[in-house]
Number of protein chains: 2
Amino acid sequence: MKTQDLNLSAQESNQLIASGNRNVFYESGVFAVNIIGSPGCGKTSILEYTANHFDEKFAVIVGDVKTALDADRIIKSGQKNAYAIETGGGCHLTANMIREKAMEIDLKGIDYLFIENVGNLVCPSAFDLGENLKIAVLSIPEGDEKVRKYPSLFIRAAAVIINKIDLLGFMDYDIEQVKADCRAHNSNVKIFETSVKTGKGFDEFFQYLRDQRKHF
Amino acid sequence: MKTQDLNLSAQESNQLIASGNRNVFYESGVFAVNIIGSPGCGKTSILEYTANHFDEKFAVIVGDVKTALDADRIIKSGQKNAYAIETGGGCHLTANMIREKAMEIDLKGIDYLFIENVGNLVCPSAFDLGENLKIAVLSIPEGDEKVRKYPSLFIRAAAVIINKIDLLGFMDYDIEQVKADCRAHNSNVKIFETSVKTGKGFDEFFQYLRDQRKHF
């Protein structure tokens with residue numbers, strides 16, 4: 001039997017596997033969300049809050065360079081259906097990492113899959129995982145110029161969460177400028193202001209997820 | 001004339017150029033510092049503070065994916081000798097970017113070169129720029145588990161700055177654990193606690209830079 005070397009680039013091969021993931025998720029009725037933001041912007045805290053307040057069936061995959069600390073936090077918060085991927089140095093998740101991890105998950109038993117990417121504003125945005133929705137997370141203490149400085153994520157993100165909104169007022173942060181910067185990259189972007197301390201913004205965010213799943 | 005294709009990997013070629021940079025800096029008496037940390041940890045604020053308080057001759061190169069906002073901030077703070085590199089999507093600076101930018105700088109006229117890398121805890125740590133010292137910057141609002149989650153930087157950093165120390169006490173942050181994690185990766189690491197609001201830690205940091213330059 002003859003074999004054929006496809007000679008795909010890393011990006012091409014990632015895209016093929018991502019498309020496969022998207023099909024598998026679709027067939028199983030799973031709406032997948034890829035969550036991207038800086039280290040410390042609150043991705044895991046948002047998922048902990050979601051574990052306790054989002055009344056739908058879902059699983060979580062958490063990527064980190066090292067440790068399963070974040071997946072452990074989510075399991076501890078009450079969502080047992082959480083899985084860690086250690087990239088072992090890799091600065092972003094790949095579609096193949098998600099493909100392999102998704103095999104451990106009962107996809108028929110869930111409606112949503114949240115994927116927390118490695119904390120990084122640059123590299124994760126370039127790698128499709130097969131998600132239906134890419135969400136960027138910002139946070140007030142990071143400063144208000146991040147959208148301008150890291151455009152590739154904000155061109156691709158359908159929604160942006162501005163997190164730790166309870167700290168607005170304590171820090172120099174021009175939120176209207178940030179929103180304008182987001183809209184300059186994507187005029188249809190949906191923006192949420194959230195705080196896991198006060199719960200602000202989460203009802204609207206959860207409703208958005210339900211609405212998006214209806215139409216996928 | 002015959003040519004030879006060296007077939008170097010990106011890393012090998014970066015390393016060659018980095019060694020070249022290091023030689024050029026040494027010949028010019030320039031002590032080069034590569035500053036690495038998350039988006040929003042305060043790298044630029046630290047350099048603004050340095051521009052106003054570090055009484056030595058130095059230049060600054062600032063890398064960002066997009067915009068020259070940070071270099072502009074440093075120029076505005078009084079340090080005219082600041083230069084922007086836009087990586088145009090790249091998630092880290094490379095030795096060749098520094099080599100090209102350094103040609104614009106009067107190296108004989110300075111004693112220190114501060115290089116602010118792209119905001120990213122993962123990729124920049126793997127690329128030698130020809131610096132004499134790699135410094136990692138953490139900040140209190142990011143959370144206290146970053147050293148465990150992003151080990152590659154902390155294995156290589158000779159010094160760690162824990163910035164925004166004025167926010168300690170307002171946030172859940174176990175600073176003794178962070179220091180222990182740093183020492184677990186590098187038992188000789190020098191740790192500074194700084195705040196650009198109060199000036200805490202900078203005298204010690206500046207003295208450290210002077211001491212390091214004496215011995216390079």
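Guide: Two residues are in contact if their C-beta atoms, placed from the backbone, lie within 7 Å. This is a predicted model, in which local features need pLDDT of at least 70 and side-chain atom pairs count only at pLDDT 80 or more, while totals for chains, interfaces and linings use all residues. Residues are numbered from 1 along each chain as its sequence is written, and chains are lettered from A in the order in which they are written.

Visitor: How many residues does the contact take from chain B and from chain A?

Guide: Chain B supplies 26 residues and chain A supplies 26 residues. On the side of chain B that touches chain A, helix 5 (146-149) and helix 6 (151-156) of chain B are the elements giving two or more residues; helices are DSSP runs of H or I with at least four residues, strands are runs of E with at least two, and both are numbered from the N terminus.

Visitor: Which helix gives the most there?

Guide: Helix 5 of chain B does, with three residues.

Visitor: Changing topic, what is the strand order of the open sheet in chain A?

Guide: The seven strands follow the order 3-2-4-1-5-6-7, with parallel pairing; two strands pair if DSSP finds at least two bridges between them. Strand 3 (82-86) and strand 7 (190-193) of chain A are the edge strands, each pairing on one side only.

Visitor: And over how many bridges do strand 1 and strand 5 of chain A pair?

Guide: Strand 1 (residues 31-37) and strand 5 (residues 133-139) of chain A pair over five bridges, in the parallel sense. Val33(A) stands opposite Leu133(A) of strand 5.
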